[in-house]
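User: Hello! I am new to this structure and would like to learn how to read its features. Could you walk me through it?

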Amino acid sequence: HIEAALRGETVHFETLSPYRDGGSRWIDAQYVPHRDGDGPVLGFFVLVLDITERKRAEEALRESEQALRDADRRKDEFLATLAHELRNPLAPLRNGVQIMRMAAGDPAAAEQCLAMMDRQLTQMARLVDDLMDMSRITSGKVALRMERVDLGRVVLQAVETSRPMIESRDHGLTLHLTSKPVFVQADVVRLAQ
């Protein structure tokens, strides 16, 4: 930098510089040539400003911007997942309505269908609650409603939700569930998802 200033160039730069207390400080430095009129360079002036606080503020701003980008990405991922999950219960509900119409004289079939529809509506209500509570998205937290649940019941609930899509694509699904219940502490809706 000194050589450039002595050649008549103004030099401007920012750098992290060691400080006498053992730490370091950001400085903004300028080397300005000093001439005798239009004549040769006689020397140079050095102007040094401590810009450490500005640099810290810039870094804090960058971190805040990154946090906002991350929160926005999580929100987008959450909404995409939620939209998909809200569609899943609709097919069994639609099938349930058709079954209810066809099984008008069969109270057992109607009761089974009503139970399935109630489960699907409960799941949809839970998903809508998730949508309403957007504060969890920005903090990256998802609330779990833990309870003791039979894992087999959760599997059957997930299959019930997915069955219309499986059947519409002519796929097959075989389940091998244990005859004894397997209990876990879990969030039923999240596991079914």
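Analyst: Gladly! Let's begin with a term: helices are DSSP runs of at least four residues, numbered from the N terminus. Here, in a model that is predicted, glutamine 120 lies in helix α4, which covers residues 107-132.

User: Is glutamine 120 buried or exposed?

Analyst: The word buried is kept for residues under 20% relative accessible area. Glutamine 120 counts as buried because its relative accessibility is 0%.

User: Which residues is glutamine 120 in contact with, leaving aside its neighbours within four places in sequence?

Analyst: With those neighbours set aside, the contacts of glutamine 120 are Pro89, Pro92, Leu93, Gln157, Glu160 and Thr161. With glutamate 160 there is also a polar contact between the side chains, at 2.9 Å.

User: What about the end of the chain: where is alanine 192?

Analyst: Alanine 192 belongs to helix α7, residues 188-192. Its relative accessible area is 14%, so alanine 192 is buried. Beyond its neighbours within four places in sequence, alanine 192 is in contact with Val154, Gln157 and Ala158.

User: How many residues apart in sequence are alanine 192 and glutamate 9, and what is their distance in space?

Analyst: They are 183 residues apart in sequence, and their C-alpha atoms are 70 Å apart.

User: What does the whole chain look like in terms of its span?

Analyst: The C-alpha trace spans about 110 × 35 × 30 Å along its principal axes. As for burial, 26% of the 193 residues count as buried.

User: Which helices and strands make up the chain, and in what order do they run?

Analyst: There are seven helices and five strands. Read from the N terminus, the order is α-β-β-β-α-α-α-α-β-α-β-α.

User: Now the surface, please. Which residues form a nonpolar patch there?

Analyst: The patch consists of Leu156, Leu173, Leu175 and Leu177, and together they have about 330 Å² of accessible area. One of them, leucine 177, sits in the loop between α6 (151-168) and β5 (183-186).

User: Why is leucine 177 called partly exposed?

Analyst: Partly exposed is the class between buried, under 20%, and exposed, over 50%. Leucine 177 is placed there because its relative accessible area is 43%.

User: And how much accessible surface does the protein chain have?

Analyst: It comes to about 13400 Å², and carbon and sulfur atoms account for 56% of that.

Technical notes
Residues numbered from 1 in each chain as written. Predicted model: local features only at pLDDT ≥ 70, side-chain atom pairs only at ≥ 80, totals over all residues. Heavy atoms only, no water. Patch = residues over 30% accessible without salt bridge, like charges linked within 9 Å, V, L, I, M, F, W, Y side chains within 5 Å. Areas by Shrake-Rupley, 256 points an atom, 1.4 Å probe, with all protein chains shown as cover. Salt bridge = Lys/Arg side-chain N within 4 Å of Asp/Glu carboxyl O. Helix = DSSP H or I, 4+ residues; strand = E, 2+ residues; numbered from the N terminus. Buried < 20%, exposed > 50% of the residue type's maximum accessible area, 1.4 Å probe, protein only. Contact = heavy atoms within 4.5 Å. Polar contact = N/O pair within 3.5 Å; in protein donor to acceptor, adjacent residues only side chain to side chain.
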